[in-house]
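This report describes the fold shown below, going through its helices, sheets and cores in turn.

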Amino acid sequence: MKAMKSVLFIDRDGVIVEETQVDSLEKIHFIPHVMEALREIRRKTDFLLVMVSNQDGVNTPSFPYDDFIRAHERILEVLRGEDVFFDDIFIDYSLPSDNCPGRKPGTGMLGEFFSDEYDLSSSFVIGDRSTDMILAHNLGAKGIWFHEKSMDSVPSSVVLETDSWLEVAAFLTNSDIKTHRKASIERETKETSISLSVDIDGSGQGAITTGIGFFDHMLEQIVRHARVDVTSSFRGDLEVDEHHSVEDVALSLGKVISKALGDKKGICRYGYDLLCMDDVHAEVSIDFSGRPDLIFDVDFTRDCIGTFPVEMIRHFFKSFSDEARCNLYMSVSRGNAHHQAEALFKAFARALRMAVRRIPGSNEVVSSKGVLE
Ligand SMILES: [Mg+2]
């Protein structure tokens, strides 16, 4: 069987050349190290290089086509001179008001990539705008957000934020990049039976279904917002109550994530998230230190959400922390209890995602001790 191709969809303005209406040769200013980085990526990887650019209003009096193409051809000529070739180039000339399906973040120009020939889950969009990162999501690819890091909310497709082409090259030429960190476990007791597989480099697919409605809704938040793929089967003694099921799912999830992280080389280790949800504000930080601890500064405003006792939420995170061997700090303001719980699970998921993220080009354990255990 032929290997599927992975693609780098690369924006032009703000990524290859500085962001402006490039309608003359004088306005061409290359981003530092772009040629060196793309040449390195070309040499060391098998990514196809595809340029995808919105060029607003080319062919209008304020942006004549001849001016655009003259500058564009010069950009490509300079890149070719540095041994950087694009396998394909897609340019949308419409204005935002045209609502053209080919305009990013639409995928209208890129239909051919939705085929068995391409592995979009191992492909990346490199762009400087959030619309580029939405394009990554729409393609089922990952995003490299090329901008100065800010406090803006980060779209879930983003795996790297940087304004350095050298960092992009280090990230993409790391041979681990396509290696998904996966693990599976089976756990069988008289109270529950669970089989659980995770891919922590996934895209948030799959579900853990226990039959406890509210709890399943919270587990869904973890899968989607941490972008962990899961495959699971579960049976619990719900005829007794929900306690064993919640506890054993948490223990299993903590253990399987710890297993998938292995020796934790090259991971960020720390993650945090602040988020609001309607009337509440949640704060979660996590450290995969190798030691368990939980600070749970939460005052739920009800004892139960539906029929689900809120005391089990603390127990869930305590059990997770014990098996994942991580420190967890969690707090949420007072407010609607459903919102309190959901905000905690979402913030936990997002902090988890940040903590397990790989540092571009690093194979180091982030610890002065040299180990995280
Ligand atoms: Mg751009």
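## Helix 6 and its surroundings

Directly after helix 6 comes G262, whose phi is positive, near 60°. The model is predicted. Helix 6 covers residues 243–261, and its 19 residues should span 27 Å at 1.5 Å a residue; the end C-alpha atoms are 27 Å apart, which agrees. Of these 19 residues, 15 are buried, so helix 6 is largely enclosed by the rest of the structure.

Helix 6 lies across strand 7, strand 8 and strand 9, and runs at about 35° to strand 8. These strands form an open sheet of three strands in the order 7-8-9, with antiparallel pairing. Strand 7 (182–188) and strand 9 (229–236) are the edge strands, each pairing on one side only. From one strand to the next, the twist averages 0°.

Helix 5 is another neighbour to consider. Helix 5 has 14 residues and reaches 20 Å from its first C-alpha to its last, close to the 20 Å expected at 1.5 Å a residue. Its buried residues are F215, M218, L219, I222, V223, H225 and A226. The buried residues of helix 5 pack against strand 9, helix 6, strand 14 (308–309) and helix 8. R227 follows helix 5 and has a positive phi, near 55°.

## Strand pairings

| Strand pair | Sense | Bridges | Paired residues |
|---|---|---|---|
| strand 8 (192–199) and strand 9 | antiparallel | eight bridges | S197 and T231 |
| strand 12 and strand 15 | parallel | five bridges | D293 and N327 |

Strand 5 (residues 142–146) is mostly covered, with five of its five residues buried. K142, I144 and F146 point one way from strand 5, while G143 and W145 point the other way, and all are buried.

In soluble globular proteins, nonpolar side chains tend to be buried together. Here the largest nonpolar core has 54 residues, of which V198, I257, V284, L344, F348 and L352 touch the most other members. Two or more residues each come from strand 8, helix 5 (213–226), strand 9, helix 6, strand 11 (280–287), helix 7 (311–324), strand 15 (327–332) and helix 8 (337–356). Helix 8 gives the most to this core, with 11 residues.

Which residues does V198 contact, leaving aside its neighbours within four places in sequence? They are K182, A183, V228, D229, V230, V256, I257 and A260. A second, separate core of 39 residues includes V84, F113, W145 and L160.

The axes of helix 1 (residues 34–44) and helix 4 (residues 165–172) come within 8 Å and cross at roughly 5°. Helix 1 and helix 4 are therefore roughly parallel to each other. In their contact, V34, A37, E40 and I41 of helix 1 meet W165, L166, V168, A169 and L172 of helix 4.

G106 lies in the loop between strand 3 (88–92) and strand 4. Between G106 and F300, which are 194 residues apart along the chain, the C-alpha separation is 42 Å.

Methods:
Residues numbered from 1 in each chain as written. Predicted model: local features only at pLDDT ≥ 70, side-chain atom pairs only at ≥ 80, totals over all residues. Helix = DSSP H or I, 4+ residues; strand = E, 2+ residues; numbered from the N terminus. Expected span 1.5 Å × (residues − 1). Buried ≥ 20, exposed ≤ 12 C-beta atoms within 10 Å, placed from the backbone. Pairing = 2+ DSSP bridges. Axes fitted to C-alpha atoms, helices over the stretch in contact; angles between N-to-C directions. Contact = placed C-beta atoms within 7 Å. Core = buried A, V, L, I, M, F, W, Y, C linked by C-beta atoms within 7 Å. Parallel < 35°, antiparallel > 145°, perpendicular 65-115°, else oblique.
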